[in-house]
Amino acid sequence: MQTRTLGTTGPAVSALGLGALGMSGAYGEADRAESIATVHAALEAGVTLIDTGDFYAMGHNELLIAESLRGRDRDSYQLSVKFGVLRGPGPEFGGTDGRPEAVKNFLAYSLTRLGTDHIDIYRPARLDPAVPIEETVGAIKEMIDAGYVRHLGLSEVDAATIRRAHAVHPVSDLQIEYSLISRAVEADILPTLRELGIGLTAYGVLSRGLISGHWSVGHTAGPGDSRGFSPRFSSGNVEHNLALVEALRRVADAKGCTVAQLAIAWVAAQGDDIVPLVGARTRQRLAEALPAMELILTADDLAGIEKAVPPGAARGDRYPSAFMSSLGVGN
């Protein structure tokens, strides 16, 4: 597994990271034993960056990751943790909390659930509109100085917020959705990150499975699967979006790879400062994703991909309308 460095101040991590959200029911029921086996397989393949959030199934995901990592050398992997999203006992979301005292409270719980003495990259999941980003970042800086956190990360914020945060403490990376059908970061975000020497960890590189090559017309989200509320998976939009996938499949077939591998490789090819995160829930999906990092895309390949899936070609927002306002950029 190749490595990439997250910005000029961040850690060296595997060129492909593992996103663990789907292991805690976000896309329907997950198999606990298979999830743990998938984490183990990822580590054995050289994946070192594991991304989670304290609000993923209200701490379930952190406990699962802790179980998966038990007995491993703590220096052999990096934990990226998002915090600040408020949840209720049901499925509802209750906004965000970026107050300094809340930052420290969230961190204390994450350290305990994860069974570790430090978090490698700690980041607010969303911007709290009621709290200046300088105050939230200032609290994380205190935790870095105290040794509980190694690096500051951000998630889903705009260019102005990135600059304000970076002025308080160097930001290692921004985590944000980036895929063939979610390219809003290219206008202002990527140039800002590169000017400041900040890396990008890209989630949603397969758009929650939509452009993986495994979703089909007529397929419906099962119980507990958040894709049932996603505009891009809704009737009328999904048919259009899957037509794009079929165009991409023709490029993948000519390249001798799968659609998923081509989509992951495209994100990785956008710069050595970008680390794609794959949300593999099974060893089978992980095994498909891993060869993408060895796939070399030529100028002709990239042109063919752009022709199959032009910028802005997808239909539907990347999140339900209630969540779009909390994002730093659009689709």
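**Cavities, cores and selected residues**

Lining the second largest cavity are L180, I181, I211, L244, V245, L248 and V309. A cavity here is a set of points, on a 1 Å grid over the protein atoms alone, where a 1.4 Å probe fits but cannot get out, and lining residues have an atom within 4 Å of a point.

The model is predicted: local features need pLDDT of at least 70, side-chain atom pairs count only at pLDDT 80 or more, and totals for chains, interfaces and linings use all residues. Residues are numbered from 1 along each chain as its sequence is written, and side-chain values use heavy atoms, with hydrogens and water left out.

Two cavities of 30 Å³ or more are counted by this rule. The largest cavity holds about 50 Å³ of space. Its lining consists of G84, T96, D97, G98, P124, R126, L127, D128, V131, I133 and T136. By class, this lining has four nonpolar, four polar and three charged residues.

The packing of side chains can be followed through the nonpolar cores. A nonpolar core is a set of buried Ala, Val, Leu, Ile, Met, Phe, Trp, Tyr and Cys residues joined through side-chain atoms within 4.5 Å. Buried means under 20% relative accessible area, exposed means over 50%, and partly exposed lies in between (1.4 Å probe, protein chains only). The largest nonpolar core has 89 residues, of which Y122, Y178 and I264 touch the most other members. Helix α8 (residues 259–268) supplies the largest share of this core, nine residues. Helices (H or I, at least four residues) and strands (E, at least two) are DSSP runs, numbered from the N terminus. A second, separate core has 10 residues, including I121, Y203, Y319 and L327.

Helix α2 illustrates how an element can be enclosed. Seven of the 10 residues of α2 are buried, so this helix is largely enclosed by the rest of the structure. The buried residues are N61, E62, L64, I65, A66, S68 and L69. They pack against α1 (32–44), β4, β5 (78–83) and α3.

Two packed helices are described by the angle between their axes and the distance between the axes. The axes of α2 (residues 60–69) and α3 (residues 100–114) come within 8 Å and cross at roughly 40 degrees. Axes are lines fitted to C-alpha atoms, for helices over the stretch in contact, and angles run from 0 to 180 degrees between N-to-C directions. On the α2 side, E62, L63, I65 and A66 meet S110, R113 and L114 of α3, contact meaning heavy atoms within 4.5 Å. This contact has four nonpolar, one polar and two charged residues.

The backbone around α2 also deserves attention. Most residues other than glycine have a negative phi, and most peptide bonds are trans. M58, which is not a glycine, has a positive phi of about 55 degrees. M58 lies in the loop between β4 (49–53) and α2 and is partly exposed, with a relative accessible area of 44%. In the loop between β4 and α2 is also G59, which counts as buried at 1% relative accessibility. Leaving aside neighbours within four places in sequence, G59 is in contact with D54 and R113. G59 and R113 are 54 residues apart along the chain, and their C-alpha atoms are separated by 7.3 Å. Just after α2, G71 takes a positive phi of about 90 degrees.

Elsewhere, R208 is a residue other than glycine with a positive phi, near 60 degrees. R208 is placed in the loop between β11 (199–203) and α7 (237–255) and counts as buried at 16% relative accessibility.

Finally, L154 in strand β9 (residues 149–155) is buried, with a relative accessible area of 0%. Not counting residues up to four places away in sequence, L154 touches R123, P124, I162, A165, V171, D173, L174 and Q175.

Terms used: Nonpolar A, V, L, I, M, F, W, Y, C, P; charged D, E, K, R; others polar. 1 Å grid on protein atoms, 1.4 Å probe; cavity = no way out; pocket = protein on both sides within 12 Å on 5 of 7 lines; lining within 4 Å. Points joined across faces, edges and corners; volume = space filled by probe spheres on them.
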